[in-house]
Amino acid sequence: MSMEQNEVTTMSAGALTTLMETYGEDVWNYACFLSGSSSAADDIAQETFIRAFKYMHSFRGEASVKTWLLRITRNRWYTYRSSSFMKRVTLQAAPDNTRTEQSAEAVYMNESLSSEIWQLVLRLPRKYREILMLHAHYNMSMEELAHTLNISLPAAKSRLHRARQKANEYWEKELDRNE
């Protein structure tokens, strides 16, 4: 049993805090990516760590702790998305009357922070965006991708290959349009 697996299977409140400090940002970012909402990401991340604490005995060490947590996050998102509350209620943000227009410098800085590649990836279908983000941002191996997405290893390889092809097609279309 690895040290990481042993820490999870014998989790105390202090170990849970360490787990949250270590992986909390990754879990929240993934939840935000899936849900598209920071408030939903807060709820999903919280539920993820509650689930991890409750079911720590089920962690078998077949994947890394991070992969295990991201899979729980994905499952919590599916549950959140299909909940009757989400089907009945769509909360809208209250208008912010105190907001002022951004300065030209701020607009430029915001635009420069968003790379063309990232914008291109965000236009891809969800299953392609998701696998590219997990592979590039979280540096997941093919086995971890398959486990997190709950698909077979060959399916993960194929999906990543198709995602890269699709992104390349989009990129070539952008280049042709800008010429």
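**The nonpolar core and its surroundings**

Of the protein's 179 residues, 33% count as buried, a term that means under 20% relative accessible area, with exposed meaning over 50% and partly exposed in between (1.4 Å probe, protein chains only). The model is predicted: local features need pLDDT of at least 70 and side-chain atom pairs count only at pLDDT 80 or more, while totals for chains, interfaces and linings use all residues. Residues are numbered from 1 along each chain as its sequence is written, and side-chain values use heavy atoms, leaving out hydrogens and water.

The secondary structure consists of 10 helices and zero strands; here helices (H or I, at least four residues) and strands (E, at least two) are DSSP runs, numbered from the N terminus. Among contacts with a separation of 6 or more, 67% join residues 24 or more positions apart, a contact being heavy atoms within 4.5 Å.

The largest nonpolar core has 41 residues, of which Y30, L69, L134 and L145 touch the most other members. Such a core is a set of buried Ala, Val, Leu, Ile, Met, Phe, Trp, Tyr and Cys residues joined through side-chain atoms within 4.5 Å. The elements giving two or more residues to this core include α2 (13-35), α4 (65-82), α8 (126-137) and α10 (153-178). The largest share, eight residues, comes from α2. In soluble globular proteins, nonpolar side chains tend to be buried together.

L134 touches Y30, L70, N139, M140, L145, T148 and L149, not counting residues up to four places away in sequence.

Three aromatic pairs are present in the structure; rings of Phe, Tyr and Trp (its six-membered ring) pair if their centres lie within 6.5 Å, and planes under 30 degrees apart count as stacked, over 60 as edge-to-face and the rest as tilted. One of them is the edge-to-face pair of Y30 and Y138, at 6.2 Å centre to centre and 80° between the planes. This pair links distant parts of the chain, with Y30 in helix α2 and Y138 in the loop between α8 and α9, 108 residues apart. Both Y30 and Y138 are buried.

T73 lies in helix α4 and is buried, with a relative accessible area of 0%. Its side chain reaches the backbone oxygen of L69 at 2.8 Å.

Definitions and conventions. Polar contact = N/O pair within 3.5 Å; in protein donor to acceptor, adjacent residues only side chain to side chain.
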